[in-house]
Amino acid sequence: MSARRITLLTQADCALCEHAKTVLAKVRADHPLDITEVDLTSEEGQRLGAEAQVLFAPGVLLDGRPFSYGRLSERRLRRALNSAPAAPPTTEPTPH
């Protein structure tokens, strides 16, 4: 099973960010996760936050797609990780 990519958008002095880190550490024990933390106030963080419509920290992107912001639900994350990963979009037209 390949690692799922998690991007965690955080900011300083954020209790919900600490909660998200705790949840990710627990889930990582059962699922291969590649976690990248990005400061929401950085240039990259602002770009990712705007694209994902993250209103406040912490923001979580799962495999590059918006997943949640605010308090991270361990149950919801586990459910998403247990589902089959989404297939990448195809660039070839579908035959009729």
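Trainee: Among contacts between residues at least 6 apart in sequence, what share joins residues at least 24 apart?
Mentor: Good place to start, and keep in mind that this is a predicted model. The protein has 96 residues, of which 35% are buried. Among its contacts between residues at least 6 apart in sequence, the share joining residues at least 24 apart is 63%.

Trainee: In what order do the elements run from the N terminus?
Mentor: Begin with the tally, which comes to 3 helices and 4 strands. Read from the N terminus on, these elements follow the order β-α-β-α-β-β-α.

Trainee: Which element supplies the largest share of the largest nonpolar core?
Mentor: That core has 14 residues, and those with the most contacts inside it are Ile6, Leu24, Phe67, Leu72 and Leu77. At least two core residues come from each of β1 (4-10), α1 (15-28), β3 (59-62) and α3 (74-82). The largest share, 4 residues, belongs to α1.

Trainee: Which residues does Leu77 touch, not counting those up to four places away in sequence?
Mentor: Leu77 is one of the buried residues of α3, and it is also listed among those with the most contacts inside the largest core. With residues up to four places away set aside, the ones Leu77 touches are Ile6, Val23, Leu24, Val27, Phe67 and Leu72.

Trainee: Which residues are on the face of α3 turned away from its buried side?
Mentor: The buried residues of α3 are Leu77, Ala80 and Leu81, and they lie on the same side of α3 because they cover an arc of only 95 degrees around the axis. Their cover includes β1, α1, β2 (33-39), β3 and β4 (65-69). The face turned away carries the exposed residues Arg75, Arg79 and Asn82.

Trainee: Is Thr7 buried or exposed?
Mentor: Thr7 is found in strand β1. Beyond its neighbours within four places in sequence, Thr7 is in contact with Thr36, Val38, Leu48, Gly59, Val60 and Leu61. Its relative accessibility is 13%, and the cut-off is under 20%, so Thr7 counts as buried.

Trainee: How many residues apart in sequence are the parts tied together by Arg4 and Asp63?
Mentor: These two residues form a salt bridge, with the closest N and O atoms 2.6 Å apart. Arg4 lies in strand β1 and Asp63 in the loop between β3 and β4, so the parts that the pair ties together are separated in sequence by 59 residues.

Trainee: What is the phi of Asp63 near?
Mentor: Asp63 is partly exposed, with a relative accessible area of 22%. Its phi is positive in a residue other than glycine, and the value is near 55 degrees.

Trainee: Which helix holds both Glu18 and Lys21?
Mentor: The side chains of Glu18 and Lys21 meet in a salt bridge at 3.4 Å, N to O. Glu18 counts as partly exposed at 46% relative accessibility, and Lys21 counts as partly exposed at 30%. The two are 3 residues apart, about one turn of the helix, and both lie in α1.

Trainee: Where is the cis peptide bond with omega near -5 degrees?
Mentor: Look in the loop between α2 (43-52) and β3, where Pro58 is found. Gln53 is found in that loop too, with a positive phi of about 55 degrees although it is not a glycine. The cis bond runs from Ala57 to Pro58.

Trainee: What is the area of the nonpolar surface patch that includes Leu55?
Mentor: Leu55 is placed in the loop between α2 and β3, and it is exposed, with a relative accessible area of 65%. Together with Leu16, Phe56 and Tyr69, Leu55 makes a nonpolar patch of about 390 Å².

Conventions: Residues numbered from 1 in each chain as written. Predicted model: local features only at pLDDT ≥ 70, side-chain atom pairs only at ≥ 80, totals over all residues. Heavy atoms only, no water. Core = buried A, V, L, I, M, F, W, Y, C linked by side-chain atoms within 4.5 Å. Buried < 20%, exposed > 50% of the residue type's maximum accessible area, 1.4 Å probe, protein only. Contact = heavy atoms within 4.5 Å. Arc of directions from axis to C-beta. Patch = residues over 30% accessible without salt bridge, like charges linked within 9 Å, V, L, I, M, F, W, Y side chains within 5 Å. Areas by Shrake-Rupley, 256 points an atom, 1.4 Å probe, with all protein chains shown as cover. Salt bridge = Lys/Arg side-chain N within 4 Å of Asp/Glu carboxyl O.
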